[in-house]
Amino acid sequence: MKYQAIAIDGPAGSGKSTVAKIIAKNLGFTYIDTGAMYRAITLKALNLKIKDLADEANYDFIKSTTLDFVDSKMTMDGIDVSKEIRTEEIVKNVSLVSSLKYVRVELVELQRQMAKRANVVMDGRDIGTNVLTDADLKIFLTATVDVRAERRYLEQKEKGISDMTFEEVKADLIRRDTYDSTRKHNPLRKAEDAIELDTSGLSIEEVVNKITHLFKELKHE
């Protein structure tokens, strides 16, 4: 049996996770936040006191690490780490960790295995271009950097996970955009067959409805 898949890519703050989670719930699909998986590995690397995060040889622990999603929450080795992976320290280091070839190869394989076991809505930065190249629907979400920075700033303030100012959040997003789009292994880019949606002036509900409509149209072709 071939399961159905919706791939949603885009830069930080474009609304990927929020939208993907809602669509998955509405369709009865499994939601897979690949960014959370890279954050979890970053968290474990920091917890293990790894000094050189840029050295791929330090990530052998991935093979003995269990990553899963329970009720859309990120669990690592059976423990819910959803809150821990959203801290400022993780945000500052995850781009580096996720740029490493060994880390990407290991997690991409795990992500593909997840998609073979259920219908999924998967979001990240290389889903349509690398992880699920045969996804039924590929979406690339964008938004202006100011809009994305405001979303991230308000999210962090509401959850109390960072004391960064708006300007600091914006500067960090620009840094991450540059890092993610220029990294050597599977950089952030729009797949040729992906549909691009600018979410700057759209509500979450409007984005969800647009993507859901596109998916249902495909099923009736």
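Guide: Let's start with Arg-104, which is buried, with a relative accessible area of 3% (buried means under 20%, exposed over 50%, and partly exposed in between, using a 1.4 Å probe and protein chains only). Keep in mind that this is a predicted model, in which local features need pLDDT of at least 70, side-chain atom pairs count only at pLDDT 80 or more, and totals for chains, interfaces and linings use all residues. Residues are numbered from 1 along each chain as its sequence is written, and side-chain values use heavy atoms, with hydrogens and water left out.

You'll find Arg-104 in helix H4 (helices are DSSP runs of H or I with at least four residues, strands are runs of E with at least two, and both are numbered from the N terminus). Leaving aside residues up to four places away in sequence, Arg-104 touches Tyr-38, Ser-98, Asp-126, Arg-183, His-185 and Asn-186 (contact means heavy atoms within 4.5 Å).

Follow that list to Asn-186, which sits in the loop between H7 and strand S8 (195-198). Asn-186 is not a glycine, yet it has a positive phi of about 50 degrees. With 28% relative accessibility, Asn-186 counts as partly exposed. Elsewhere, Asp-77 is another non-glycine with a positive phi, of about 55 degrees. Look for Asp-77 in the loop between strand S4 (73-76) and strand S5 (79-80); at 37% relative accessibility, Asp-77 counts as partly exposed.

Back to H7 (residues 166-182), whose axis comes within 10 Å of the axis of helix H3 (residues 88-98), the two crossing at roughly 10 degrees. H3 and H7 are therefore roughly parallel to each other (that label covers angles under 35 degrees). On the H3 side, Val-91, Lys-92, Val-94, Ser-95 and Leu-96 meet Asp-172, Arg-175, Arg-176, Tyr-179 and Asp-180 of H7. Sorted by class, the residues of this contact are four nonpolar, one polar and five charged (Ala, Val, Leu, Ile, Met, Phe, Trp, Tyr, Cys and Pro count as nonpolar, Asp, Glu, Lys and Arg as charged, and the others, Gly among them, as polar).

Searching the whole structure turns up one cavity of 30 Å³ or more, and the largest cavity has a volume of about 40 Å³ (on a 1 Å grid over the protein atoms alone, a 1.4 Å probe fits in a cavity but cannot get out, while a pocket is an open set of points with protein on both sides within 12 Å along at least five of seven lines; lining residues have an atom within 4 Å of a point). Its lining is made of Val-91, Arg-152, Gln-156, Met-164, Val-169, Asp-172, Leu-173 and Arg-176. Helix H6 (145-159) and H7 are the elements giving two or more residues to that lining, and H7 gives the most, with four residues.

Key: Axes fitted to C-alpha atoms, helices over the stretch in contact; angles between N-to-C directions. Parallel < 35°, antiparallel > 145°, perpendicular 65-115°, else oblique. Points joined across faces, edges and corners; volume = space filled by probe spheres on them.
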